Amino acid sequence: MAQAGNVELIDAFEQFFRNYYDAEIKELARRYPAEQRSLHVDFDDLYRYDPDLADDFLAQPEQLREYAEEALRLYDLPIDVSLGRAHVRVRNLPATESPEIREIRSRHMNSLVEVHGIVRKATDVRPKIEEAAFECQLCGTLSRVPQSTGDFQEPHECQGCERQGPFRVNFDQSEFVDSQKLRIQESPEGLRGGETPQSLDVNIEDDITGEVTPGDHVSATGVLRLEQQGNQQDPSPVFDFYMEGMSVEVDEEQFEDMDITDEDKREIVRLSDSEDIYERMVDSIAPSIYGYEQEKLAMMLQLFSGVTKHLPDGSRIRGDLHMLLIGDPGTGKSQMLSYIQNIAPRSVYTSGKGSSSAGLTAAAVRDDFGDGDQWSLEAGALVLADRGIAAVDELDKMRPEDRSAMHEALEQQKISVSKAGINATLKSRCSLLGAANPKYGRFDQYEPIGEQIELEPALISRFDLIFTVTDQPDVEKDRNLAEHILRTNYAGELTTRREELNSLDVSVEEIEEMTGSVDPAIDADLLRKYVAYAKQNCHPRMTVEAREAIRDFYVDLRSKGVDEDAPVPVTARQLEALVRLAEASARIRLSDTVEPEDAERIIEITRACLQDIGVDPETGEFDADIVEAGTSKSQRDRIKNIKMLIADVEEEYDDGAPIDVVLERAGEIGMDESKAEHEIDKLKQKGEVYEPKTDHLRTT
Ligand code: ADP
Ligand code: MG
């Protein structure tokens with residue numbers, strides 16, 4: 001295979017292998033071919049051995065790889081085994097050869113590069129023909145045609161009878177290799193200010209297929225090739241890059257791009273000691289949005305999150321907090337959500353409708369990504385946000401497929417896909433920050449939230465905190481808000497004018513004074529590092545006092561519902577939420593212990609939230625049933641009553657109970673007419689009542 005002039009290079013690789021990889025090659029020989037078929041070479045080793053050889057490898061990777069594989073085949077082995085089809089896979093390139101996916105340019109063509117990103121999509125693993133054996137139907141001779149790139153090649157003529165076929169592919173005599181295509185997308189933490197992530201497709205073969213799952217953060221090393229855009233009839237002069245992958249490895253999942261210097265550390269610790277750290281944190285989220293101190297504090301707690309616990313029985317309790325903002329349109333929800341991207345070390349911002357075919361969770365899809373009718377598995381927003389935060393606007397608009405997968409995603413923090421032969425479990429260890437609009441335009445605080453938003457109760461109950469935002473006129477608040485928005489706009493105007501026109505009719509001092517009021521208290525860059533640092537280094541434990549405070553609060557809430565017929569107040573789920581919140585509160589101070597002050601802070605915020613959503617508006621009592629089941633106790637009573645009423649009236653008439661009579665009786669026992677109508681509709685929906693003829697009712 002090797003030509004005479006290349007003997008030198010093959011020798012060089014043999015020498016290199018002897019010096020650096022002797023043990024690995026012997027191990028490979030022992031395990032070849034069933035358990036292992038590749039020798040993984042660290043580029044650093046090659047460079048240390050011979051910088052020129054290493055540089056050649058970068059410039060002509062395909063050629064040099066063949067020499068390296070030839071050297072492997074010729075290697076002296078103590079056991080009698082031929083490494084006939086073993087691969088040499090180089091990995092770990094220097095930073096100069098690791099461009100961001102968006103930085104890939106024509107000059108990278110045909111060279112060896114390494115890219116980092118997250119696997120967004122992967123086809124299933126399929127056999128691909130490498131060398132096809134064509135059997136002539138006339139004389140039976142086999143003609144072998146290597147299938148290197150692109151289309152399926154047939155022989156020009158039979159090697160036996162020299163006629164043009166017809167041929168039949170003999171599968172037994174052909175050579176196949178496992179193949180898979182991956183789409184690698186830039187990691188969310190590499191993107192700033194909501195840039196759209198770019199992606200690169202990577203083809204891989206043989207033993208490295210089937211090893212990574214969508215959602216994995218990977219380093220892929222390979223050769224960049226070009227593929228023409230357009231189709232055969234209408235080819236385009238523009239080409240797309242793709243990679244022939246040599247090595248794909250799963251990366252450590254922590255925030256890899258975050259370099260926190262010693263100086264940063266000092267600054268972070270200094271900040272954490274300041275008296276007003278919580279206020280400053282609140283003032284660092286979406287400063288252009290006025291008010292919402294509680295919501296902003298909750299968003300901060302969510303960024304820091306609680307500690308994930310692993311129990312002896314193998315199960316785990318999530319530390320991630322989920323939070324939901326429900327409210328009237330035009331109240332700044334979307335603005336606050338999108339601000340998260342500036343300060344979260346890793347985040348994904350999307351709308352409930354989802355921008356990809358995978359939507360919010362994950363999906364098995366059949367599209368033009370693979371060859372022909374191949375299925376691929378694609379990761380959605382909650383998987384891409386693994387170990388980070390997923391900000392999902394208009395959560396109520398999510399697709400039906402996502403709704404069912406969402407329960408598992410939020411509680412177990414994984415997503416199972418089982419369709420078309422694809423069985424996979426994807427990780428989604430993220431916090432969800434959702435926003436939703438009320439079903440009927442505006443929020444009505446006298447109706448249970450379960451009825452007002454397009455989310456099922458079981459899903460709503462998975463949120464640790466739910467805030468409702470209503471837009472009610474309030475002179476004092478409106479004046480402040482107006483002042484704030486006008487100021488923000490003026491500050492923005494000044495900054496723009498200074499940048500664009502260099503006009504000097506405003507002084508730098510004036511600009512600074514105006515913009516100062518809408519600057520974040522802590523610089524976004526530093527805050528991002530702060531969060532990453534706290535999550536890595538700080539795992540707070542409860543003090544006895546904090547534990548008691550939380551326990552007492554919980555028991556007190558529960559006790560409100562112990563007398564027989566009262567609504568059940570909170571469930572154990574809220575207790576876990578309290579623990580998570582308290583831990584997050586301690587982390588903001590970089591404290592290793594959860595103190596009573598943390599307990600107080602989160603009890604206050606939880607109480608406010610519960611009051612907003614958990615209180616049964618008709619009795620004024622806490623009622624977690626509203627959240628958990630979508631129907632409050634008094635409502636259940638009302639439904640029961642109205643059904644009994646219908647049954648009574650029904651007795652008196654031959655063709656069912658006339659609606660107007662039912663409503664009249666309802667009025668007599670003090671039930672509002674519109675409420676009664678509403679409940680009758682519900683009974684009809686549930687099939688407990690039907691209409692034998694117009695405006696008459698019968699119970700079932
Ligand atoms: P939503 O998503 O709740 O419908 P948006 O986030 O789109 O609302 O906000 C609409 C506009 O109103 C934005 O330009 C936002 O800046 C402004 N706005 C709403 N509430 C506030 C507030 N409290 N402070 C400052 N601006 C606000
Ligand atoms: Mg919005």
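Biologist: In which strand does T350 lie?

Modeller: T350 belongs to strand β14, residues 347-351. Keep in mind that this is a predicted model.

Biologist: Why is T350 called buried?

Modeller: Buried means under 20% relative accessible area. T350 has 11% relative accessibility, so T350 counts as buried.

Biologist: Which residues have the most contacts inside the largest nonpolar core?

Modeller: They are M281, M300, L303 and F304, in a core of 60 residues. Helix α16, residues 524-537, gives this core its largest share, eight residues. Another core lies apart from it, with 38 residues, including L360 and I422.

Biologist: What is M300 in contact with, leaving aside its neighbours within four places in sequence?

Modeller: M281, I285, I343, L527 and I588. Contact here requires heavy atoms within 4.5 Å.

Biologist: Why is one side of β26 and of β27 left without a neighbour in the sheet?

Modeller: The open sheet has the order β26-β28-β27, with antiparallel pairing. β26 and β27 stand at the edges and each has a single partner strand, so one side of each lacks a neighbour there.

Biologist: How do you know that β27 and β28 pair?

Modeller: Pairing needs at least two bridges. β27 and β28 have two bridges, in the antiparallel sense. Y690 stands opposite R698 in β28.

Technical notes
Residues are numbered from 1 along each chain as its sequence is written. Chains are lettered from A and ligands numbered from 1 in the order in which they are written. This is a predicted model: local features need pLDDT of at least 70, side-chain atom pairs count only at pLDDT 80 or more; totals for chains, interfaces and linings use all residues. Side-chain values use heavy atoms; hydrogens and water are left out. A nonpolar core is a set of buried Ala, Val, Leu, Ile, Met, Phe, Trp, Tyr and Cys residues joined through side-chain atoms within 4.5 Å. Buried means under 20% relative accessible area, exposed over 50%, partly exposed in between (1.4 Å probe, protein chains only). Helices (H or I, at least four residues) and strands (E, at least two) are DSSP runs, numbered from the N terminus.
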